[in-house]
Structure formats: structure tokens, C-alpha cells
Amino acid sequence: MSAGPLVGIVMGSRNDYAVMRSAAEMLTEFGVAHEVRVVSAHRTPDLLFEYAETAIARGLRVIIAGAGGAAHLPGMIAAKTVVPVLGVPIPATALQGMDSLLSIVQMPKGVPVGTLAIGSAGAANAGLLAAEILATTDAALQAKLVAWRAARRDEVLAQVVGDEV
Ligand code: RP5
């Protein structure tokens with residue numbers, strides 16, 4: 001495995017981290033090397049270009065991009081690299097992330113962004129999906145993912161709901 005981060009987690013504002021930490025926590029749970037950066041499409045556009053343009057050379061295999069509002073960050077990163085980009089809509093405005101979801105999911109044909117659910121569930125799933133992508137070439141990681149799923153199954157099977165007579 002590469003010594004550097006395999007997954008880049010970026011977000012438009014440090015305020016997005018309250019949501020995006022769920023992606024980082026998932027990657028930490030699976031021992032996937034990752035980095036976390038604030039990269040804003042409209043506040044730091046030059047950094048955005050540099051981040052995307054150097055992603056392959058730095059060994060990034062997946063980029064998770066979270067953004068609120070008009071949420072152009074995931075699409076702009078995808079426009080500048082062929083590293084797979086997973087987009088997470090952040091509920092940061094009065095529209096509670098619907099604006100971000102529609103911005104991210106409606107990428108024109110030719111520049112894909114894999115779009116997750118709004119908020120923490122989407123961020124966690126982005127982390128899981130990034131691990132699953134890496135696991136296609138990493139049998140040990142794949143085994144961890146299978147074990148994790150089995151543990152979730154067992155939790156549900158052990159649940160008792162209400163009284164039975
Ligand atoms: C977007 O605008 C960010 O992704 C964030 O969700 C939203 C608001 O940013 P802040 O004003 O909270 O920094 O760029």
C-alpha cells in the first residue's frame with residue numbers, strides 16, 4: 001500500500017466538517033489512509049485546481065467532496081481529474097441540502113460525480129463506498145468490509161422490539 005493518503009476528503013468550509021467527519025471516521029475504522037482539507041470552489045479556486053491536478057501524482061485513489069449551497073466543489077474537482085469523486089450534499093442553507101443535492105447530482109454527461117445522501121448518512125456512506133472501491137484491489141480491506149456488514153446484520157438480528165407473550 002502507498003504510504004500517503006489514498007482518499008482525499010475535501011469540503012467547502014470548515015463548518016462542513018460537522019457532517020464530513022462521518023466520512024473520515026468510517027475510513028479510520030477501516031484503516032484507510034486519508035487526508036482532510038478545506039478547499040472552496042469560490043473562495044480558493046486556485047487551490048481547488050491544484051488539488052485536483054495533483055491528485056493522481058500524490059496517490060489519491062478516491063476523492064470525497066462535501067459542499068453546501070450551490071455546491072459546485074465536487075463537480076469542479078471531477079472536471080480536473082479522473083480520480084473518482086464522491087459528492088456529499090451538506091445541509092448548510094435554508095434549503096437543508098436540497099440545493100446541494102440537486103447541484104451535485106445533476107452533473108452533465110461526461111463528468112461524473114457519484115452522489116450520496118444529504119448529511120451525515122451520505123458522508124458515512126461516502127467513506128464506506130471509498131473503502132469498497134479500494135477493496136476491489138485489496139483483499140484484506142474487502143474482508144474487513146464483509147466482517148463489518150456481518151456485524152451490522154447481527155446487531156439487527158439481536159434486537160428485541162416490544163413485549164411478546
Ligand atoms: C459552501 O458554502 C460550503 O460548502 C458550506 O457548506 C457553505 C457555507 O459556508 P460557510 O459560510 O459556512 O463557510 O461553500
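Modeller: Residues are numbered from 1 along each chain as its sequence is written. Because the model is predicted, local features need pLDDT of at least 70 and side-chain atom pairs count only at pLDDT 80 or more, while totals for chains, interfaces and linings use all residues.

Biologist: What makes D16 count as buried?

Modeller: A residue is called buried if 20 or more other C-beta atoms, placed from the backbone, lie within 10 Å of its own, exposed if 12 or fewer do, and partly exposed in between. D16 has 24 C-beta neighbours inside 10 Å, so D16 counts as buried. D16 lies in the loop between β1 (7–11) and α1 (17–29), where helices (H or I, at least four residues) and strands (E, at least two) are DSSP runs numbered from the N terminus.

Biologist: Is R43 buried or exposed, and what makes it so?

Modeller: R43 has 11 other C-beta atoms within 10 Å, and therefore R43 is exposed. R43 sits in the loop between β2 and α2 (45–53).

Biologist: Which residues does UniProt place under the feature "binding site"?

Modeller: The UniProt record, an unreviewed entry, places that feature at S13, D16 and R43. UniProt positions are given in the numbering used here, feature names are shortened, and annotations may be inferred rather than shown by experiment.

Biologist: How do you know that they gather at one spot?

Modeller: They span 31 residues in sequence, yet no two of their C-alpha atoms are more than 14.5 Å apart, so they gather at one spot.

Biologist: Which residues surround the ligand?

Modeller: A residue is near a molecule or strand if its C-beta atom, placed from the backbone, lies within 6 Å of it. The residues around the ligand are M11, G12, S13, N15, D16, S40, A67, G68, G69, I90 and A92.

Biologist: How many residues of this shell are nonpolar, polar and charged?

Modeller: The shell has 4 nonpolar, 6 polar and 1 charged residues. Here Ala, Val, Leu, Ile, Met, Phe, Trp, Tyr, Cys and Pro count as nonpolar, Asp, Glu, Lys and Arg as charged, and the others, Gly among them, as polar.

Biologist: Which residues does D16 touch?

Modeller: Two residues are in contact if their C-beta atoms, placed from the backbone, lie within 7 Å. Leaving out residues up to four places away in sequence, D16 touches M11, G66, A67, G68, I90 and A92.

Biologist: Why are β2 and β5 called edge strands?

Modeller: Two strands pair if DSSP finds at least two bridges between them. The 5 strands form an open sheet in the order β2-β1-β3-β4-β5, with parallel pairing. In that sheet β2 (34–38) and β5 (114–115) are the edge strands: each pairs on one side only.

Biologist: How do you know that β3 and β4 pair?

Modeller: Strand β3 (residues 62–68) and strand β4 (residues 85–90) run parallel and are joined by 6 bridges, and the definition asks for at least two. Across this pair, G66 stands opposite V88 in β4. Likewise, β1 and β2 pair in the parallel sense over 5 bridges, and V7 stands opposite H34 in β2.

Biologist: What makes β1 largely enclosed by the rest of the structure?

Modeller: Of the 5 residues of β1, 5 are buried, so β1 is largely enclosed by the rest of the structure. In a regular strand the side chains alternate between the two faces of the sheet. In β1, V7, I9 and M11 point one way and G8 and V10 the other way, and all are buried.

Biologist: How many residues of β4 are buried?

Modeller: In β4, 6 of its 6 residues are buried, and the strand is mostly covered. Helix α4 (residues 98–105) lies across β3, β4 and β5 and runs at about 160° to β4; axes are lines fitted to C-alpha atoms, for helices over the stretch in contact, and angles run from 0 to 180 degrees between N-to-C directions.

Biologist: Why does P112 count as partly exposed?

Modeller: P112 has 14 C-beta neighbours inside 10 Å, so P112 falls in the class in between and counts as partly exposed. P112 is in the loop between α4 and β5, and P112 touches A78 and M107, not counting residues up to four places away in sequence.
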